[in-house]
Amino acid sequence: MILISLCPFDYKKIFGLVATMICLSSVTGFADALLLSVPSTPYDRQMTRIQPVLFSQSAVKNSNVSLAVVNHWMQDLRGIPYGFSAEWKTPSEVANGAVADCKGKAVALYQRMHAGGASNVRLVIGKRSWTSSKTHAWLEWSTAGSNYVLDPTINWSACQAQKVGARSYIPMYAFSGTEKFRAAPSSLYANN
């Protein structure tokens, strides 16, 4: 005797798929992270080498840094071949070296932005995408007209933050001058 099943789907697999879809849809809230000021981060000791760049005072006070100039700086840094470094490289080491990683390129761009008079620039450590197993470094720049993600390791030009997507560039920690921040999902604040 041959039995034929009338149910072509395995209910356990369907339940697993539905549960996965619900979890993935909740991840999108992490892209809208709020930055909370904190006294320290897990990266403080590693960043000792670049503190002079983060803490330096700009002689130029020009909040109208051109997007074209920023894109030119990004293209210069994007042209440097990628090479991982365990320690944070200074901008002069990036300029004089044969390779640089995301940390070095982001710090070099931070210095150029600051020297050019740009304000509201943050060095960010986080995840490039929600599936990333390792951290990534980039800059976020807020202007009167828009907010930008500046990633000279991957992109040739500035990307408007709202066009990046909810599952990309997920911040964990940010640095701006002497200030340090930890990112928290906005959904936590919406519920509280």
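Guide: The largest cavity has a volume of about 70 Å³. A cavity here is a set of points on a 1 Å grid over the protein atoms alone where a 1.4 Å probe fits but cannot get out. Grid points are joined across faces, edges and corners, and the volume is the space filled by probe spheres set on the points. The model is predicted: local features need pLDDT of at least 70, side-chain atom pairs count only at pLDDT 80 or more, and totals for chains, interfaces and linings use all residues. Residues are numbered from 1 along each chain as its sequence is written, and side-chain values use heavy atoms, with hydrogens and water left out.

Visitor: How many cavities of 30 Å³ or more are there?

Guide: The count comes to one.

Visitor: Which residues line the largest cavity?

Guide: The lining consists of Asp44, Met47, Gln51, Leu54, Phe55, Phe175, Gly177, Thr178 and Lys180. Lining residues have an atom within 4 Å of a point. Four of these residues are nonpolar, three polar and two charged. In this division Ala, Val, Leu, Ile, Met, Phe, Trp, Tyr, Cys and Pro count as nonpolar, Asp, Glu, Lys and Arg as charged, and the others, Gly among them, as polar.

Visitor: Which helix gives the most to that lining?

Guide: Helix H2, residues 51-55, gives the most, with three residues. Helices (H or I, at least four residues) and strands (E, at least two) are DSSP runs, numbered from the N terminus.

Visitor: Let us turn to the fold. How many helices and strands does the chain have?

Guide: The chain has seven helices and seven strands. From the N terminus on, the elements run α-β-α-α-α-α-β-β-β-β-α-β-β-α.

Visitor: What is the order of strands in the sheet?

Guide: The sheet is open, with seven strands in the order S1-S7-S6-S2-S3-S4-S5 and antiparallel pairing. Its edge strands are S1 (34-37) and S5 (159-160), each of which pairs on one side only. Two strands pair if DSSP finds at least two bridges between them.

Visitor: And what does S2 pair with?

Guide: Strand S2 runs antiparallel to strand S3 (residues 136-142), joined by six bridges. S2 also pairs with strand S6 (residues 168-176) in the antiparallel sense, over six bridges. On the S3 side, Val121 stands opposite Trp141; on the S6 side, Ser129 stands opposite Ser168. S2 and S3 form a hairpin with six residues between them.

Visitor: Why is S2 described as largely enclosed?

Guide: Seven of the nine residues of S2 (residues 121-129) are buried, so the strand is largely enclosed by the rest of the structure. Buried means under 20% relative accessible area, exposed over 50%, and partly exposed in between, with a 1.4 Å probe and protein chains only. In the chain of 192 residues, buried residues make up 40%.

Visitor: Which helix lies across S2?

Guide: Helix H5 (residues 102-115) lies across S2, S3, S4 and S6, running at about 25° to S3. Axes are lines fitted to C-alpha atoms, for helices over the stretch in contact (heavy atoms within 4.5 Å). Angles run from 0 to 180 degrees between N-to-C directions.

Visitor: Changing topic: what is the phi of Asn120?

Guide: Asn120 has a positive phi of about 60°, although it is not a glycine. Asn120 is found in the loop between H5 and S2.

Visitor: Is Asn120 buried or partly exposed?

Guide: Asn120 counts as partly exposed, because its relative accessibility is 48%. Leaving aside neighbours within four places in sequence, Asn120 is in contact with Glu140, Trp141 and Ser142.

Visitor: And what about the phi of Tyr169?

Guide: The phi of Tyr169 is near 50°, a positive value in a residue other than glycine. Tyr169 is found in strand S6 and, at 6% relative accessibility, counts as buried.

Key. 1 Å grid on protein atoms, 1.4 Å probe; cavity = no way out; pocket = protein on both sides within 12 Å on 5 of 7 lines; lining within 4 Å.
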